[in-house]
Amino acid sequence: MIDRYLQRIAYDGSREPTAATLRALQVQHLLHVPFENLDIHWKRRIVVDTERFLHKIIDERRGGFCYELNGAFAWLLRGLGFEVKLLEAQAPTPDGGMGPPFDHMALLVNDEWLADVGFGDFSMYPIHVSEVRDGEVRLNGKLEYLLSLEPHELHEFAAMCDYQQFDPGSSFTKKRVCTIATPDGRITLSDTKLIVTKNGVRTETPVSAEEWNDVLLATFGITPVAAS
């Protein structure tokens, strides 16, 4: 399964559990596995289970949101000999507050690096824990989330995973998104447009409801599933 996972992210580098390997793995993951919440809108329940995460990412060639992406990445890293702890975090809300505990899952690797392949447009590279002050994870001065360094088990994220996909208050229930990093920017499909950022230049193309499924397939290789 490790070999198939590495093929999925087009990684053929060193498998030694070093900082350099972690950095390369995170980059490849972000370039090949999208952040997406489509199952929520296709009424396919997301269950906090590592085997299901792996099946979705490797066999279905899909992406997912934080619990799925970082849950699967944690499995891969452990299989390569890294020490990995699951961390809970709270993301900022549109009203200026903070989300609840377990709002987000991130990874502490070898007690030294914050790895995260499940927060959409985030750092391409692991962040050294010395840069996390008072639990604040910031990029270019912007607060991305508040992080607790206390380790948790996967099942502890189950309740918030259910909230994110079923509660009307969750941002994930309000709109679809599928987004992936590229070597020179990012591609994002929202409910109404395709956004391509390349070398800092942003281009938006309207996408109608009739075009949406075709754009998803052509851009991300994901075949839409009819809502049940």
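Which residues are buried in H4? The close-ups below, all taken from a predicted model, start there.

**View 1. The buried face of helix H4.** Phe53, Leu54, Lys56, Ile57 and Ile58 are the buried residues of H4. They pack against helix H1 (2–8), strand E1 (35–36), helix H3 (38–41) and H5. As a reminder, an α-helix has 3.6 residues a turn, so residues three or four places apart point the same way.

**View 2. The two ends of H4.** H4 covers residues 50–59. At its start, a side-chain oxygen of Asp49 comes to within 3.2 Å of the backbone nitrogen of Glu51. After the helix comes Arg61, with a positive phi near 55°.

**View 3. H4 crossing H5.** H4 packs on helix H5 (residues 66–79) at an angle of about 100°, and their axes are 9 Å apart. The two helices are therefore roughly perpendicular. H4 brings Thr50, Phe53, Leu54, Lys56 and Ile57 to the contact, while H5 brings Tyr67, Glu68, Leu69, Gly71, Ala72 and Trp75. Sorted by type, that makes seven nonpolar, two polar and two charged residues.

**View 4. H5 on the sheet.** H5 also lies across strands E2 (84–90), E3 (104–109) and E4, and runs at about 20° to E3. The open sheet has six strands in the order E5-E4-E3-E2-E7-E6, paired antiparallel. E5 (127–128) and E6 (136–139) are the edge strands with a single partner each, so one side of each has no neighbour in the sheet.

**View 5. The E4–E5 pairing.** E4 (residues 113–115) and E5 run antiparallel and are joined by two bridges. Look for Trp113, whose bridge partner in E5 is His128.

Definitions and conventions
Residues numbered from 1 in each chain as written. Predicted model: local features only at pLDDT ≥ 70, side-chain atom pairs only at ≥ 80, totals over all residues. Heavy atoms only, no water. Axes fitted to C-alpha atoms, helices over the stretch in contact; angles between N-to-C directions. Helix = DSSP H or I, 4+ residues; strand = E, 2+ residues; numbered from the N terminus. Parallel < 35°, antiparallel > 145°, perpendicular 65-115°, else oblique. Contact = heavy atoms within 4.5 Å. Nonpolar A, V, L, I, M, F, W, Y, C, P; charged D, E, K, R; others polar. Buried < 20%, exposed > 50% of the residue type's maximum accessible area, 1.4 Å probe, protein only. Polar contact = N/O pair within 3.5 Å; in protein donor to acceptor, adjacent residues only side chain to side chain. Pairing = 2+ DSSP bridges.
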